[in-house]
Amino acid sequence: MWVYEKKLQYPVKVSTCNPTLAKYLIEQYGGADGELAAALRYLNQRYSIPDKVVGLLTDIGTEEFAHLEMIATMVYKLTKDATPDQMKAAGLGAHYANHDNALFYNNAAGAPWTATYIQAKGDPIADLYEDIAAEEKARATYQWLIDLSDDTDLNDSLRFLREREIIHSQRFREAVEILKEERDRKKIF
Amino acid sequence: MNRHTWYRTYRPYISPMDPCPPIKVKRYSTPPNLFVGFQPPGLEQFPALAALKAGTLWKCFYDPYYSLKELKRGSENETASP
Amino acid sequence: MKQLPPEYYSELEEIQAADFVIVELALYLHTHPDDLDAIKQYNEYVKLSKSLKKAFERKYGALTSFGYSFARCPFDYKEAPWPWQV
């Protein structure tokens, strides 16, 4: 089971009421390489992967939910008191028509989240290579979001999230090495 | 670790027929996880609060990304370093 | 509505820093299960995190439910602010 802790993994500070930025950030909430996709991908693949890497998928999948909450916090703060006119001016008129200021799992273009974003192949190497690719794609998305944002406080939190993708990728790469052959491990040091 | 270490550049072909002003040099990220291999034990760490700020406990993985706008602003007032 | 003192943010950040070291070491230990120094450091930070949270919860209310924190009367875990609101 899971236990909720009433705190963010990393502080999220937002300097301006800026719904346009929220529209872009939602890519990491309900997009193909976003945090929801990451969490669900890893926590589903773990049922059919060698025991040696089940724990890693479980813990990284769990950390992704903490990142999902950070993205949600950014979107929430950027749109909290935005008026319908401000939402419309930010390109969120269509979103407002369906959801008011509520969050929803869709990407920056408004396409709803879909399970076709993720895969579980049942082949450990295929799955771990997908996971490594997912981390690198999420890292790239954070780069483009930092390029789009002029909010220095927000960029600080986005840089944290991008760095986490680097570490997760590193651990998945090590998991591949472990599955290649346990007794070869010492040689890699 | 110098953050510029983790980026590479290339020069795309520029046609006289291109409508937008050309970007002469394109930059891409080659993060530390591509180079470390299986992490050896005992690598140098950040203290806890600095690790949180960096997003990693180990110095060798620290690779912050700044937009070109941020880098330009940073070199103007010399405050780009975190 | 409950208002938070300015030191709330720095006290929270101390917990976030301790827990971040724990997360980093946890992921590392999945691929380095025999690194005794890392395990010792992990346990040190578990101890630190627990003591920081005990003091924090006394001031601001329970951080967790489902038996991971003791409950006080009234049940303060359910009270705002939530993490995205602070």
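Guide: Helices are DSSP runs of H or I of at least four residues, strands are runs of E of at least two, and both are numbered from the N terminus. This is a predicted model, in which local features need pLDDT of at least 70, side-chain atom pairs count only at pLDDT 80 or more, and totals for chains, interfaces and linings use all residues. Residues are numbered from 1 along each chain as its sequence is written, and chains are lettered from A in the order in which they are written.

Visitor: What makes up the secondary structure of chain A?

Guide: Chain A has 9 helices and 0 strands; from the N terminus on, its elements run α-α-α-α-α-α-α-α-α.

Visitor: Why is chain A called as compact as a globular protein of that length?

Guide: The globule rule is 2.2 Å times the number of residues to the power 0.38, and the radius of gyration is taken over C-alpha atoms. For 189 residues the rule gives 16 Å; chain A has 18 Å, which is close, so chain A is as compact as a globular protein of that length.

Visitor: Which residues of chain A touch chain B, and how many?

Guide: Two residues are in contact if their C-beta atoms, placed from the backbone, lie within 7 Å. By that test, 20 residues from chain A meet 18 residues from chain B. The largest share of the chain A side, 12 residues, comes from H8(A).

Visitor: What makes up the side of chain C that touches chain A, by class?

Guide: Contact joins 17 residues of chain C to 23 residues of chain A. The chain C side has 11 nonpolar, 5 polar and 1 charged residues. Ala, Val, Leu, Ile, Met, Phe, Trp, Tyr, Cys and Pro count as nonpolar, Asp, Glu, Lys and Arg as charged, and the others, Gly among them, as polar.
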